[in-house]
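Trainee: Could you take me through the reading of a sheet and of the helices that pack around one another, with the terms explained as we go?

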Amino acid sequence: MTAGRPFARPASAPAPASDPTADQATKDAMSNATTVSPAHSASTASTLITNIAALVTNDPSLGWRSPRSSKFESGGESPLGLVQDAAVVIEGDRIAWTGDQSKAPATDNRVDAGGRAVIPGFVDSHSHLVFAGDRTQEFNARMSGRPYSAGGIRTTVAATRAASDEELDANVARYLAEALRQGTTTFETKSGYGLTVHDESRALRIAARHTDEVTFLGAHIVAPEFAEDPAGYVALVTGEMLGTCAPHARWIDVFCEQGAFDGDQARAILTAGKARGLHPRIHANQLSYGPGVRLAVELDAASADHCTHLTDADVDALANGRTVATLLPGAEFSTRAKWPDARRLLDAGVTVALSTDCNPGSSFTSSVPFCIALAVRDMGMTPDEAVWAATAGGAAALRRDDIGRLTPGAYADLTLLDAPSHVHLAYRPGVPLVTGVWRRGERVV
């Protein structure tokens with residue numbers, strides 16, 4: 001793990017492991033997984049996690065595979081790559097081996113999972129964590145009948161501008177720690193609550209202390225000072241603001257929506273970002289039908305996020321492009337809005353990710369398990385599909401192949417559940433099932 005940057009990326013390699021299984025009495029007695037004492041330093045030692053009831057690898061060539069059945073059957077199409085009675089070997093910060101525990105090689109250390117399930121760490125590919133202030137009153141009013149609109153963002157903009165760097169940094173650290181305890185090992189986060197050159201660039205610098213997946217969202221809404229001159233604000237975003245912010249970000253985003261930025265403005269902003277080396281992602285089709293999704297595919301955006309109001313042409317565009325449809329059910333839950341139709345997207349062959357959209361206005365949750373439960377209950381996803389979308393799907397939305405899976409060479413980011421199956425994430429909503437988290441090979445929860 002890189003010091004001071006809990007969600008940043010480093011590099012390493014693999015090696016071997018072996019071990020027996022625990023009996024039922026041992027399983028019942030364990031409230032947490034236990035570790036056998038190490039023989040080597042953490043940087044070179046190998047660790048075997050064994051006695052895993054069900055291991056989600058996200059490698060469809062492995063294990064028992066069935067897409068929509070409570071009974072896992074060999075030869076299906078599910079991408080989970082579920083291995084039962086499994087083991088994992090970690091060496092350094094990478095996965096070195098996965099498979100049947102009876103075939104595990106020898107290692108320096110051993111962890112007994114106690115008959116629990118292990119899944120890849122969640123990849124939360126959409127959040128807004130650099131902010132200050134509170135919008136409890138807005139939420140309370142909305143739950144009493146007032147509809148959500150983009151205007152509430154201005155409340156957070158004022159509070160964020162008034163906050164110190166130290167306050168903003170502490171907020172980011174707090175919410176990342178909260179997410180980590182719930183199994184999230186990779187987190188994207190955005191600017192967007194500053195809307196001045198100074199405040200957007202400081203938001204990105206603060207975010208970059210904690211994660212490599214940093215997004216410039218100067219085009220969240222038109223800044224209050226430019227309310228009568230949106231073209232002037234677009235010029236600022238694509239000019240001085242972008243020039244100052246680009247060195248601190250990997251991505252550029254825009255809220256393409258009524259009340260924010262139209263299709264032409266969004267195209268100009270994203271095209272300018274691409275010219276400065278930032279790759280596009282788009283807030284698209286959240287509140288109404290619009291050009292955002294098709295613009296995302298046209299510009300090869302990594303992700304079109306929300307995707308609630310879609311035409312057949314939008315779905316076809318996503319199915320025929322590389323852009324991931326990132327669904328954010330926390331927003332619909334918190335605004336009582338229409339649920340995205342995940343089933344429609346999946347049946348069309350679209351790659352789908354699930355994320356929290358953690359932000360103070362429309363989705364104030366850092367819990368990916370909660371979003372999985374919502375997606376299964378209200379968006380037509382199976383438990384298999386939802387877990388894949390929250391892990392490998394999130395990795396695809398970040399154009400990453402070193403996270404979101406538990407296969408040799410991937411980062412050793414994994415989550416131990418206090419349950420025998422990943423299905424319990426939807427089956428037992430609201431229950432804190434995460435009992436262990438490893439990030440980059442180090443146990444952090």
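This is a predicted model: local features need pLDDT of at least 70, side-chain atom pairs count only at pLDDT 80 or more; totals for chains, interfaces and linings use all residues.

Mentor: Residues are numbered from 1 along each chain as its sequence is written, and side-chain values use heavy atoms, with hydrogens and water left out.

Trainee: In what order do the strands of the open sheet lie?

Mentor: Strands of a sheet pair through backbone hydrogen bonds, either parallel or antiparallel. Strands (E, at least two residues) and helices (H or I, at least four) are DSSP runs numbered from the N terminus, and two strands pair if DSSP finds at least two bridges between them. Here 7 strands form an open sheet in the order β8-β9-β10-β11-β12-β13-β14, with parallel pairing. Its edge strands, each pairing on one side only, are β8 (189–190) and β14 (352–354). Between β8 and β9 (residues 214–219) there are 2 bridges in the parallel sense, and Thr189 stands opposite Val214 in β9.

Trainee: Which strands does helix α7 lie across?

Mentor: Axes are lines fitted to C-alpha atoms, for helices over the stretch in contact, and angles run from 0 to 180 degrees between N-to-C directions; contact means heavy atoms within 4.5 Å. Helix α7 (residues 263–275) lies across β9, β10 (251–256) and β11 (279–284), running at about 175° to β10. Helix α5 (residues 197–208), in turn, lies across β8 and β9 and runs at about 165° to β9.

Trainee: How do α5 and α6 cross, and at what angle?

Mentor: Angles under 35 degrees count as roughly parallel, over 145 as roughly antiparallel, 65 to 115 as roughly perpendicular and the rest as oblique. The axes of α5 and α6 (residues 230–245) come within 9 Å and cross at roughly 40°, which makes α5 oblique to α6. The contact involves Val197, Glu200, Ser201 and Leu204 of α5, with Leu236, Glu240, Met241, Thr244 and Cys245 of α6.

Trainee: At what angle do α12 and α13 pack?

Mentor: Helix α12 (residues 368–378) and helix α13 (residues 383–390) pack at about 140°, with their axes 9 Å apart, and they are therefore oblique to each other. Val368, Ile372, Ala375 and Val376 of α12 make the contact with Pro383, Ala386, Val387 and Ala390 of α13.
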